[in-house]
Amino acid sequence: MSKTIKEINRKILDGTVRVVTAAEMPAIVEELGAERAAAEIDVVTTGTFGAMCSSGVWLNFGHSEPPMKMTRVWLNDVEAYAGVAAVDAYLGVTQASETLGMEYAGAHVIEDLLLGRPVVLRAVSRGSECYPRKAILTEITLAGLNQAIMSNPRNAYQRYNAAANSGDGVLQTYMGKLLPGCGNVTFSGAGEMSPLMNDPDLETIGIGTRIFLGGGIGTITGSGTQHNPGAQFATLMVQGDLKQMSAEFLRAALFHGYGSSLYVGIGIPIPVLHAGIAQKTAIRDRDIETDIIDYAVPSRQRPVVGRCNYEQLKSGSVLLQRRRVPASPLASFRMAGRIAAALKRWIQRGEFFLSVPAAALPSRGSSAPLAIKPPQQRLKLFYRRPAEILPRPAGLRITWDAERCFSCGQCLGICRAGVFAKDGEWRVTADTGRCRGCGLCVQLCPAGAIAGEKNGR
Ligand code: SF4
Ligand code: SF4
């Protein structure tokens with residue numbers, strides 16, 4: 001039995017569509033089998049919420065009086081690329097402030113705009129006969145901009161490697177804080193909730209597919225940079241109207257020692273057109289394997305030190321060369337679940353219709369770097385017992401801001417005192433009374449929810 005996207009859209013219109021999330025689908029397929037599940041279910045919604053550095057917005061400021069062709073543009077002292085027409089600029093999320101450093105970047109400007117805060121626009125120009133103005137200093141708001149188009153060249157990695165550090169010192173990386181002696185493992189990606197893991201052959205996801213993007217409706221505009229579906233490293237280029245989006249699903253983040261990034265919420269509906277697609281959307285965390293890479297080796301070809309699946313990673317620890325090591329995510333599974341649930345609601349209410357792709361995404365990658373598998377490396381290692389990698393108590397008192405926490409879970413794999421915990425829906429909580437003041441979680445939280453201060457002990 002098979003159906004078309006047009007038939008599913010008719011069901012959305014008359015209110016009979018049957019939608020489940022990617023978390024619900026495996027049990028349905030297990031119970032009914034793929035054929036009956038395909039007959040019963042029309043759409044599976046997916047979700048991911050992780051740091052996506054390859055993101056940014058095109059802004060159109062409108063013309064001043066007299067008019068100006070902006071050649072360099074800064075927003076709250078963060079430079080935006082202005083090498084296009086007169087009053088357009090592209091603000092990348094990782095571009096750091098020239099006055100505040102990497103703690104404030106393009107991602108924070110976007111967050112400020114979404115929160116309705118005014119942003120200082122500074123621009124200069126050489127001036128010309130048609131554009132005589134040479135400088136401007138003013139304030140802008142999101143509502144006052146002509147256009148603010150989120151345009152992200154590489155988002156929603158199908159899966160990603162996990163990270164460890166066999167070196168002697170702590171590493172602060174875009175994969176979070178990595179403790180020495182392979183003291184922890186961090187990992188990225190949403191596992192069984194990942195949009196591209198639920199359609200691994202890109203059968204339904206293509207150019208023109210409508211998606212949940214940052215709380216609004218966006219579109220896939222093509223394959224992302226470094227797209228490599230053969231190695232399950234497919235990526236997406238996406239676009240959407242920032243004015244429709246919300247600060248709940250776009251969050252500025254800081255990875256200490258690396259720089260800023262933007263957590264982007266993406267959800268993609270998978271139409272269950274036949275039993276084969278039903279079977280693919282039944283994927284579970286245990287079916288998704290990834291390599292653990294050693295970030296202590298400063299090379300593009302970092303060695304693989306282990307391999308595990310997402311079920312093991314999500315359990316909180318993995319076996320790494322015969323030793324159990326704490327594992328914690330960088331992406332928020334709680335937020336991924338909320339995105340898939342929101343998309344499900346939109347479809348059930350008739351607020352979101354599926355689109356037939358205008359063209360397929362490339363089934364082969366064009367990028368060499370990720371296609372080359374890093375060589376396996378046998379390590380003598382460098383392992384020490386966890387107690388040895390814990391610093392001496394630093395006399396710190398930790399505070400935790402529940403409002404800022406977006407439940408990425410990084411702190412879960414760092415704290416050995418059991419301060420941080422998660423519930424069944426990956427909501428992270430903290431019991432700061434248990435803190436031993438070791439200092440390991442300082443400069444860890446990308447949301448800035450954890451702060452440490454000397455308590456004078
Ligand atoms: S406190 Fe920070 S590191 Fe821990 S789960 Fe929340 S956002 Fe993530
Ligand atoms: S400082 Fe406290 S909360 Fe942070 S990792 Fe150490 S014991 Fe845990």
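**Close-up views of a predicted model**

**View 1. The overall fold.** The protein has eight helices and 32 strands, and the model shown here is predicted. Its radius of gyration is 23 Å, close to the 23 Å that the globule rule gives for 457 residues, so the protein is as compact as a globular protein of that length. Taken along the principal axes, a box of roughly 70 × 65 × 40 Å holds the C-alpha atoms, and buried residues account for 46% of the 457 residues. Of the contacts between residues at least 6 apart in sequence, 72% join residues at least 24 apart.

**View 2. The largest nonpolar core.** This core contains 136 residues, and those with the most contacts inside it are I110, A164, V185, L262, A278, A336 and C411. Helix 7, which spans residues 333-348, gives the most to the core, with seven residues. When neighbours within four places in sequence are left aside, I110 is in contact with V57, V93, L250 and L262. In soluble globular proteins, nonpolar side chains tend to be buried together.

**View 3. The surroundings of ligand 2.** Ligand 2 is surrounded by 13 residues, of which the closest are C415, A417, C435, C438 and C441. Sorted by class, this shell is made up of ten nonpolar, two polar and one charged residues.

**View 4. A loop residue, A86.** A86 lies in the loop between strand 6 (78-80) and strand 7 (88-92). Because A86 has 18 C-beta neighbours inside 10 Å, A86 counts as partly exposed. Not counting residues up to four places away in sequence, A86 touches P67, M68, K69, M70 and Y131. By contrast, A86 and V318 are 53 Å apart in space, C-alpha to C-alpha, and 232 residues apart in sequence.

Definitions and conventions:
Residues numbered from 1 in each chain as written. Chains lettered and ligands numbered in written order. Predicted model: local features only at pLDDT ≥ 70, side-chain atom pairs only at ≥ 80, totals over all residues. Near = placed C-beta within 6 Å. Nonpolar A, V, L, I, M, F, W, Y, C, P; charged D, E, K, R; others polar. Core = buried A, V, L, I, M, F, W, Y, C linked by C-beta atoms within 7 Å. Buried ≥ 20, exposed ≤ 12 C-beta atoms within 10 Å, placed from the backbone. Helix = DSSP H or I, 4+ residues; strand = E, 2+ residues; numbered from the N terminus. Contact = placed C-beta atoms within 7 Å. Rg over C-alpha atoms; globule rule 2.2 N^0.38 Å.
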